[in-house]
Amino acid sequence: MKRFIIAFIAAFIFIFLWGWFYNGVLLKDVFAEAQSLFRPREEMMSLFHWIIIGQAGLALSFVMIYASGFAGGGIASGVRLGIMLEILAVSARCAFYATQPFPAKLLCS
Amino acid sequence: MKLFGLAGTQQEPQPKEIMDWKKFFIAFVAAFGFLFLFGFLWYAILMHGAHQEVPALFRTESEFKEHFLWLVLGHVVMAFFLTLLCVRFVPAGGAGPCALLGLLVALVYEGPHLITFAVQPITTKILCGWIVGSLIQFIVAGATIGAVYKSSSPATR
């Protein structure tokens with residue numbers, strides 16, 4: 001359980017920092033192109049706790065899947081699981097792209 | 001650590017030993033059929049009114065038709081990798097364990113839904129609809145895959 005909690009905290013910190021760096025810094029201009037689809041900055045900041053809860057939930061469920069079936073394989077298993085879950089996430093993004101007017105650049109990013 | 005009594009792949013399995021590709025394909029097709037039909041029923045029919053509350057966030061009917069292939073592609077990839085995940089994670093198959101895996105996968109999706117709510121002006125009704133929809137979708141899809149794959153090769157554990 002101790003290792004589970006440490007893995008969860010490590011995953012959460014990585015997801016949070018990477019999410020901020022990738023979406024908030026690197027893709028800032030791409031998101032700006034679809035400004036009308038997003039909340040204004042102040043409104044977004046007032047709902048910031050949902051981002052934290054969402055990322056914590058994501059990290060928790062990822063670690064739960066890893067811990068209950070992939071832990072024996074070490075780092076390689078974690079990477080494989082990460083790739084499979086990311087491909088599942090990409091498939092959901094394709095469905096969102098079909099229904100929401102995001103620029104194609106955002107889908108590819 | 002095994003959560004919910006799920007027995008995963010603790011060792012590196014040899015694909016030839018545990019994969020029954022015919023059953024895999026049938027499970028994939030069944031999962032795709034369910035995901036697509038349920039998605040249509042839940043998101044396009046039942047949640048149509050909720051989505052109409054924020055029309056600016058969604059494509060118009062004609063634009064959606066132009067992008068329909070992306071929706072199909074998304075569901076194909078989703079069904080394929082969910083099937084792959086189930087087969088690798090629960091090689092013995094079974095509706096119950098695969099439904100539990102579906103639940104865990106659904107929980108992975110709930111995080112991004114909450115983040116979407118924070119950054120996009122969707123209503124709480126839409127958020128709740130997406131959360132409940134994806135939970136049902138992945139639990140039942142997982143159970144479907146597990147039920148089909150259960151009767152696969154006797155070599156499966």
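In this predicted model, the axes of α5(B) and α7(B), the latter a helix of residues 124–150 in chain B, come within 10 Å and cross at roughly 55 degrees. Axes here are lines fitted to C-alpha atoms, for helices over the stretch in contact, with angles running from 0 to 180 degrees between N-to-C directions; helices are DSSP runs (H or I, at least four residues), as strands are (E, at least two), numbered from the N terminus. That angle makes α5(B) oblique to α7(B), because under 35 degrees counts as roughly parallel, over 145 as roughly antiparallel, 65 to 115 as roughly perpendicular and the rest as oblique.

On the α5(B) side, Leu82(B), Thr83(B), Cys86(B) and Val87(B) meet Ala141(B), Gly142(B), Ile145(B), Gly146(B) and Tyr149(B) of α7(B); a contact needs C-beta atoms, placed from the backbone, within 7 Å. Ala, Val, Leu, Ile, Met, Phe, Trp, Tyr, Cys and Pro count as nonpolar, Asp, Glu, Lys and Arg as charged, and the others, Gly among them, as polar.

As for the two chains, their contact takes 45 residues from chain B and 40 residues from chain A. The chain B elements giving two or more residues to the side that touches chain A are α4 (61–66), α5 (68–89) and α6. That side of chain B divides into 31 nonpolar, 9 polar and 5 charged residues.

Leu104(B) sits in helix α6 (residues 95–119) of chain B and touches Ser61(A), Met64(A) and Ile65(A), leaving aside residues up to four places away in sequence. Leu104(B) counts as buried because it has 24 C-beta neighbours inside 10 Å (20 or more is buried, 12 or fewer exposed, and in between partly exposed). Leu135(B) is 31 residues from Leu104(B) in sequence and 9.0 Å away in space, C-alpha to C-alpha.

On confidence, the model scores ipTM 0.88 and pTM 0.84. Chain B averages a pLDDT (the predictor's per-residue confidence, from 0 to 100) of 85, and 84% of the residues score at least 70. Over residues 9–16 of chain B pLDDT stays under 50, and the model has 10 contacts there beyond four places in sequence. Residues 152–157 of chain B are also below 50, with 12 contacts beyond near neighbours in sequence.

Local features need pLDDT of at least 70 and side-chain atom pairs 80 or more, whereas totals for chains, interfaces and linings use all residues. Residues are numbered from 1 along each chain as its sequence is written, with chains lettered from A and ligands numbered from 1 in the order written.
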